[in-house]
Amino acid sequence: MKPITLIPLSNVCGNGVEPGPGRLTFLAAALANAFRVPCRIHRETVNVSFALDPDRRQYWSTAILQRLANASSPGERVLGVAACDLYVPVLTFVFGEAQLDGNCALVSTARLQEEFYGMPSRKELARERLIKEAVHELGHTFGLRHCRDWRCVMSSSHAVEVLDVKDAAFCVTCRSTVFG
Ligand SMILES: [Zn+2]
Ligand SMILES: [Zn+2]
């Protein structure tokens, strides 16, 4: 199985805390464990200002995904981690996006933080959410679609409340697709 590279993404807007390389160590460890492959953190951040929609004040995730795909090598699986809020034109926002059965995925920490909803910060909770969302988006790169088992990490979640009740792990069926 291909190793995973985490790419910290930066933006000029500074919406939320930028996921600097050092802040992603916990995520790299969790992903290495979940997919049983080496997971490294890219040393430099990639600036995603080009994807900003000034009216929405959000970043177009598909454009970022395309940029990551162009820059990645076929021998690696890439996960971009952004702090800025992401969207696709038909939706208000997305937590992340991935190439189905491809090499690249993208997640944003913006809406995973309690601060976004006017609540006090809960760092541990935000980390758990990021791990779930990252495993979910990377799951799509293995060709997995949304799972009907609500506990499975591949179940669809468009709100943090839904994210919080599911597991960070694959159900038996999804697991067998990933690990063969
Ligand atoms: Zn999904
Ligand atoms: Zn499943």
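1. Basis of the note. In this predicted model, local features need pLDDT of at least 70 and side-chain atom pairs count only at pLDDT 80 or more, while totals for chains, interfaces and linings use all residues. Residues are numbered from 1 along each chain as its sequence is written, chains are lettered from A and ligands numbered from 1 in the order in which they are written, and side-chain values use heavy atoms, with hydrogens and water left out.

2. For comparison, the ideal angle for four tetrahedral donors is 109.5 degrees.

3. The histidine zinc site. The zinc ion (ligand 1) is coordinated by the NE2 atoms of His 136, His 140 and His 146, at 2.0 to 2.1 Å, and the donors follow the spacing H-x3-H-x5-H. His 140 counts as buried at 11% relative accessibility, whereas His 146, at 47%, counts as partly exposed; buried means under 20% relative accessible area, exposed over 50%, and partly exposed in between (1.4 Å probe, protein chains only).

4. A search of the whole structure finds zero disulfides, a disulfide being a pair of cysteine sulfur atoms within 2.5 Å. For Cys 39, the closest cysteine sulfur is that of Cys 104, and at 14 Å it is too far for a bond.

5. Helix 2. In this helix (residues 61-71), Ser 61, Ile 64, Leu 65, Leu 68 and Ala 69 are buried. They lie on the same side of helix 2 because they cover an arc of only 140° around the axis, the arc being that of the directions from the helix axis to the C-beta atoms. Asn 70 and Ala 71, on the other side, are exposed. The buried residues pack against several strands, including strand 1 (4-10), strand 6 (77-82) and strand 9 (104-108). Helices (H or I, at least four residues) and strands (E, at least two) are DSSP runs, numbered from the N terminus.

6. Thr 141. This residue belongs to helix 3 (residues 123-141) and counts as buried at 2% relative accessibility. Its side chain makes a polar contact with the side chain of Arg 77 (2.8 Å) and reaches the backbone oxygen of Leu 138 at 2.5 Å; a polar contact is a pair of N or O atoms within 3.5 Å, and within protein one must be able to donate a hydrogen and the other to accept it, with residues adjacent in sequence counting only if both atoms are side-chain atoms. Leaving aside neighbours within four places in sequence, Thr 141 is in contact (heavy atoms within 4.5 Å) with residues among them Arg 77, Asp 101 and Cys 104.

7. Backbone points to inspect. Arg 36 has a positive phi of about 55° although it is not a glycine, and is found in the loop between helix 1 (25-35) and strand 2 (39-41). Asp 101 likewise is not a glycine, yet has a positive phi of about 60°; its place is in the loop between strand 8 and strand 9. Arg 36 counts as exposed at 59% relative accessibility, and Asp 101 is exposed with a relative accessible area of 59%.

Conventions:
Donors = N, O, S within 2.8 Å, 3.2 Å for Na, K, Ca; no water.
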